[in-house]
Amino acid sequence: MSHRPSHDHCGQMCGILDPVGYDEVLAERLREVLSSEGGLSEQKMFGGLAFMLHGHMAVAASGQGGLMLRIDPATSDDLTRREGVSLVHMAGRSMSGWLHIEPDVVQGDEALAQWVGRGVEYVRVLPPKR
């Protein structure tokens, strides 16, 4: 007899509909890196947890694992030459200025801080959203 997920003990199909699609440990590490930033807020989106600075997403714990990072679109080509770094794809198209960083690329605290710094640096030059 095969085991199938049921509704009985969790109110939804456990193992299929996971309410948290992002890495919570990574989200906590992002909170630590961003703790000194003013104008910081968090928002769940795209199955992940986005960290917003003055209304603009700078970085997110991606629902697909790893980071989703906002950068200067002019740097996209150069940065995607690195292993574990690719453009974000939404609705079947590549999004210049948005990177997906694989989890192993940001395992170390220094590497995470460097990548997050890129996103923060870019978002700081944008006018605050109201």
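Which residue in the turn of the β2 and β3 hairpin has a positive phi? H54 does, at about 50°, in a hairpin with two residues between the strands. The structure is a predicted model in which local features need pLDDT of at least 70 and side-chain atom pairs count only at pLDDT 80 or more, while totals for chains, interfaces and linings use all residues. Residues are numbered from 1 along each chain as its sequence is written, and side-chain values use heavy atoms, with hydrogens and water left out.

**Overall make-up**

- The protein chain holds three helices and six strands; helices (H or I, at least four residues) and strands (E, at least two) are DSSP runs numbered from the N terminus.
- Along the sequence the order of elements is α-β-β-β-β-α-β-β-α.
- Of the 130 residues in the protein chain, 33% count as buried; buried stands for under 20% relative accessible area, exposed for over 50% and partly exposed for what is in between, with a 1.4 Å probe and protein chains only.
- Among contacts (heavy atoms within 4.5 Å) in the protein chain between residues at least 6 apart in sequence, 48% join residues at least 24 apart.

- Strand β2 spans residues 48–53, and six of its six residues are buried.
- Burial applies to both faces of β2, with G48, A50 and M52 on one side and L49, F51 and L53 on the other.
- Strand β1 (residues 40–45) runs antiparallel to β2 and is joined to it by six bridges; two strands count as paired if DSSP finds at least two bridges between them.
- One of the residues placed by this pairing is Q43, whose bridge partner in β2 is A50.
- Strand β3 (residues 56–61) is also antiparallel to β2, with five bridges between them.
- On that side, L49 has A61 of β3 as its bridge partner.

**Turns with positive phi**

- A general point on backbone angles applies to this group: most residues other than glycine have a negative phi, and most peptide bonds are trans.
- F46 takes a positive phi near 55° in the hairpin of β1 and β2, which has two residues between the strands.
- H54 lies in the loop between β2 and β3, and its phi near 50° is a positive value in a residue other than glycine.
- The relative accessible area of H54 is 45%, which makes H54 partly exposed.
- Strands β5 (residues 85–90) and β6 (residues 93–101) pair in the antiparallel sense over six bridges, and M90 has R93 of β6 as its bridge partner.
- The β5 and β6 hairpin has two residues between its strands, and A91 is placed in the loop there.
- A91 is not a glycine, yet its phi is positive at about 50°.
- With a relative accessible area of 87%, A91 is exposed.

**Helix α1**

- Helix α1 covers residues 24–34 and includes R29.
- The buried residues in α1 are L26, A27, R29, L30 and L34.
- R29 counts as buried because its relative accessibility is 17%.
- Leaving out residues up to four places away in sequence, R29 touches V106, Q107, G108, D109 and L112.
- R29 and L112 are 83 residues apart in sequence, with a C-alpha to C-alpha distance of 8.4 Å.

**Helix α3**

- The 16 residues of α3 (residues 109–124) should span 22 Å at 1.5 Å a residue, and the end C-alpha atoms are 22 Å apart, which agrees; the expected span is 1.5 Å times one less than the number of residues.
- L112, W115, V116, G119, V120 and V123 are buried in α3.
- Seen down the axis of α3, these buried residues fall within an arc of 140°, so they line one face of the helix.
- The face turned away from the buried side of α3 carries the exposed residues E110, Q114, E121 and R124.

Terms used:
Arc of directions from axis to C-beta.
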